[in-house]
Amino acid sequence: MGKQKIRYITVDPFGAIIGILIVIFWFISLYVLLNWNISYSNPLLYFAIFIQTHLYTGLFITAHDAMHGSISKNRTVNNVLGWVTSILFAFNFYDRLIIKHHEHHQFVATEKDPDYHESGKLWLWYWTFIKRYITIKQLILITITLQLLRLLFPLENLILFWLFPSILSTLQLFYFGTYIPHKDGHKHNNKHNSTTQKKNHIWAFVSCYFFGYHYEHHDAPGVPWWRLWQTK
């Protein structure tokens with residue numbers, strides 16, 4: 001993010017371990033599912049897609065916490081995990097994401113906020129959101145990777161468990177982490193232009209790793225996702 005400095009906080013000593021575990025769980029789940037015999041009549045298929053979507057979201061949340069220096073006090077460890085999880089999440093680039101995310105925190109729900117859309121309309125906002133973050137380079141890398149993975153795994157499995165969950169995850173992140181908290185912008189009448197989800201830790205985790213507690217995140221951006229529930 002240029003010359004702007006990130007203030008590193010005292011972080012949980014298990015932060016890096018939690019981030020690494022999310023990556024490991026994602027890899028194991030993906031490998032098993034890419035080798036699975038698909039049956040659309042099997043309800044476990046849809047549960048598997050949900051789990052893989054949630055793990056994709058976990059990759060981005062880990063990258064997000066790295067942007068706030070919440071993974072590790074060691075900058076190298078923090079940034080490596082940020083880069084790895086960003087790349088695994090549809091070939092996003094950490095250096096680009098960190099600039100946009102800190103602009104969001106600095107100019108939340110204003111015309112300078114890259115995550116905001118003044119229309120407040122869900123699908124128009126989502127489309128604009130996607131266009132701001134998806135690049136031609138990403139699409140090329142996804143296409144090349146898909147063609148290479150087709151040499152090892154069935155295309156149907158790749159679409160259901162590699163591509164589709166990544167798309168669903170962007171919608172999950174957008175809806176619970178951007179649209180709902182900021183859809184009324186300045187009307188929230190607080191310093192963070194944000195609302196927050198009612199206290200329900202189970203739903204908060206399932207929906208978006210506690211980022212429905214969004215006012216709390218803006219009020220304490222250095223608190224990692226696994227501690228965010230404690231701010232409620």
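Which residue does the side chain of K191 meet in a salt bridge? In this predicted model, the partner is D219, with a distance of 3.3 Å from N to O. K191 belongs to the loop between helix 7 (155-182) and helix 8 (201-208), while D219 is part of helix 9 (residues 214-219), so the contact ties together parts that are 28 residues apart in sequence. With a relative accessible area of 63%, K191 is exposed, whereas D219, at 41%, is partly exposed.

This pair is one of two salt bridges in the structure. The other joins E216 to K232, whose closest N and O atoms are 3.2 Å apart. Because E216 is located in helix 9 and K232 in the segment after helix 10 (225-228), this pair ties together parts that are 16 residues apart in sequence. E216 has a relative accessible area of 13% and is therefore buried, the cut-off being under 20%.

Most residues other than glycine have a negative phi. A109, however, has a positive phi, near 55°. A109 is placed in the loop between helix 4 (94-106) and helix 5 (122-133), and its relative accessible area of 7% makes this residue buried. A positive phi, near 75°, is also found at F210, a residue other than glycine. F210 is situated in the loop between helix 8 and helix 9 and counts as buried at 9% relative accessibility.

Definitions and conventions:
Residues are numbered from 1 along each chain as its sequence is written. This is a predicted model: local features need pLDDT of at least 70, side-chain atom pairs count only at pLDDT 80 or more; totals for chains, interfaces and linings use all residues. Side-chain values use heavy atoms; hydrogens and water are left out. A salt bridge is a side-chain nitrogen of Lys or Arg within 4 Å of a carboxyl oxygen of Asp or Glu. Helices (H or I, at least four residues) and strands (E, at least two) are DSSP runs, numbered from the N terminus. Buried means under 20% relative accessible area, exposed over 50%, partly exposed in between (1.4 Å probe, protein chains only).
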